[in-house]
Amino acid sequence: MDSQRKTFGETGLEELQNQIQTCMMQRHNLEAIFDSVADGIIAVDLKMRISNLNEAAQHMTGYTRQDAVGESCMEILGLTYNEDELCKVFQARRKVDGLSACIVDRRGQKHDLVVSTRVLKDEEGSEKGLVAIVRDVTELEALRSQLQGRDSFCGMISKNHIMQEIYQLIEDLADSDATVFILGESGTGKELVASAIHQNSQRSKKPFVKVNCSALSVSLLESELFGHVKGAFTGAIRDKIGRFEMAAGGTIFLDEIGDVSASVQVKLLRVLQEREIERVGSSETLQVDTRVIAATNRDVVAAIKQGTFREDLYYRLHVMPIELPPLRERKEDIPLLVKYFIEKFNAQTSRLIQTINPDALALLMDYHWPGNVRELGNAIEHAFIKCRGDVLLPECLPRLEPVVERKLEGSGEVADAAPAPDIAGRGERERLIETLRACRWNRSQAAARLDMHRTTLWRKIRELGIDKDSET
């Protein structure tokens, strides 16, 4: 009997060991499956603490299982209480499918996610927590953003369709050494485009050399571009290499090329045709491996007709023309640019300007901007100096003169914008001052009494030079 009991006990113990081993294997297999899933899986308990997460979720968050388990899911996922929709889902233990969410990982990087959740329950049906299945779609969102258009590219800020085409053209030029001719008014960002072309080219690791051709005299420009040898002219006490040699293997940017003299044009034509230069005072020919990007704000075709610009040089430069639109033709970019300049000057001045007043923005939208983006930047910098709060107001802006288009004599062409004459007259100025005084300088009330939009009133106040302090 004792022998049989012993045998039965040994058998039961063996079966129990087998069952335990089977359970351990099953758990091991389940954990293997759990960690092999490409989507992140995060389980939280009733107190919103992480109870488990798989390898994909660990990769997304930057936390190991050992670091994360027992910690608040808000901290691990970089969420904000009562602000993030995902936080509200966790708090309410709500079932969702395909929720778009954003988390910040341990490294401070943002991840765009698509989240589905299910409530966890025990055998008796009581809630035990929530499990979230998260799919990282950060790269997909970035690609979608690229396809929909970029608000910025290599320092340029624009959502205008013409500028978007220029962004694409710059990328198309990445594997080319073609000469580029950038055309556009002063202040449109020609140097930014030239820099972007260089940065995106195969020459990006080599020098990018800039030359403002209009800032130098003929003799100085020749020496700057091509270099000189000792004794070439008075003051040439040693040999000097020129900008073309400095830019060897890289890119030279010739800004305001429309202003160069005829003699320099001939030498530039030789560089473009033969890739050769001669230093001033030397007959030795030097080979140069430099990509040329030129720019001008002048009407080059008109200059050719007038005989001040060589036609053959124009065609050598005109391999890939890029014409930048003036700011007045892409006014949809003004809010973006204002935001950019506010951030820029905040960083430079340690100010905390939050935004721009709608009336002030309306003034900027109505202005013609003959100085283009450069002038807009100056206007925002001016407003920063005068602003005493955290919002840029209309009175902080410089006086922006209204403009009218005027026709060129004998043609239908529109000339440069010129300031409009003062058509308001003394009578209107006095009427505005009288109304403003009656309304205690409340511009909204005064605009209503005058039956005009408050932005129009702002503009007239600035045009007529009305100042509250001097008129009271």
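A salt bridge here is a side-chain nitrogen of Lys or Arg within 4 Å of a carboxyl oxygen of Asp or Glu. By that criterion the structure holds 20 salt bridges. This is a predicted model, in which local features need pLDDT of at least 70 and side-chain atom pairs count only at pLDDT 80 or more, while totals for chains, interfaces and linings use all residues. Residues are numbered from 1 along each chain as its sequence is written, and side-chain values use heavy atoms, with hydrogens and water left out.

**Salt bridges**

- Arg 93 and Glu 127 meet through their side chains in a salt bridge, 2.8 Å from N to O.
- Arg 93 lies in the loop between helix H5 (85–92) and S3, and Glu 127 in strand S5 (residues 127–136), so this pair ties together parts that are 34 residues apart in sequence. Helices (H or I, at least four residues) and strands (E, at least two) are DSSP runs, numbered from the N terminus.
- Arg 93 is partly exposed at a relative accessible area of 25%, and Glu 127 is partly exposed at 35%. Partly exposed falls between buried (under 20% relative accessible area) and exposed (over 50%), using a 1.4 Å probe and protein chains only.
- Salt bridges with shared partners join Asp 177, Arg 203 and Asp 289 into one network.
- A salt bridge also links the side chains of Asp 67 and Arg 106 (3.1 Å, N to O).
- Because Asp 67 is in helix H3 (residues 65–68) and Arg 106 is in the loop between strand S3 (99–104) and strand S4 (110–121), the pair ties together parts that are 39 residues apart in sequence.
- Asp 67 has 34% relative accessibility and counts as partly exposed; Arg 106, at 47%, also counts as partly exposed.
- Asp 45 and Arg 49 form a salt bridge through their side chains (3.0 Å, N to O), and Arg 49 is partly exposed at 35% relative accessibility.

**The sheet**

- An open sheet is built from five strands in the order S9-S10-S13-S8-S14, with parallel pairing. Two strands pair if DSSP finds at least two bridges between them.
- Strand S9 (208–212) and strand S14 (320–323) stand at the edges with a single partner strand each, so one side of each is left without a neighbour in the sheet.
- From one strand to the next, the twist averages 15 degrees; axes are lines fitted to C-alpha atoms, for helices over the stretch in contact, and angles run from 0 to 180 degrees between N-to-C directions.
- Strand S8 (residues 180–183) runs parallel to S14 and is joined to S14 by four bridges.
- Phe 181 stands opposite Pro 321 in S14.
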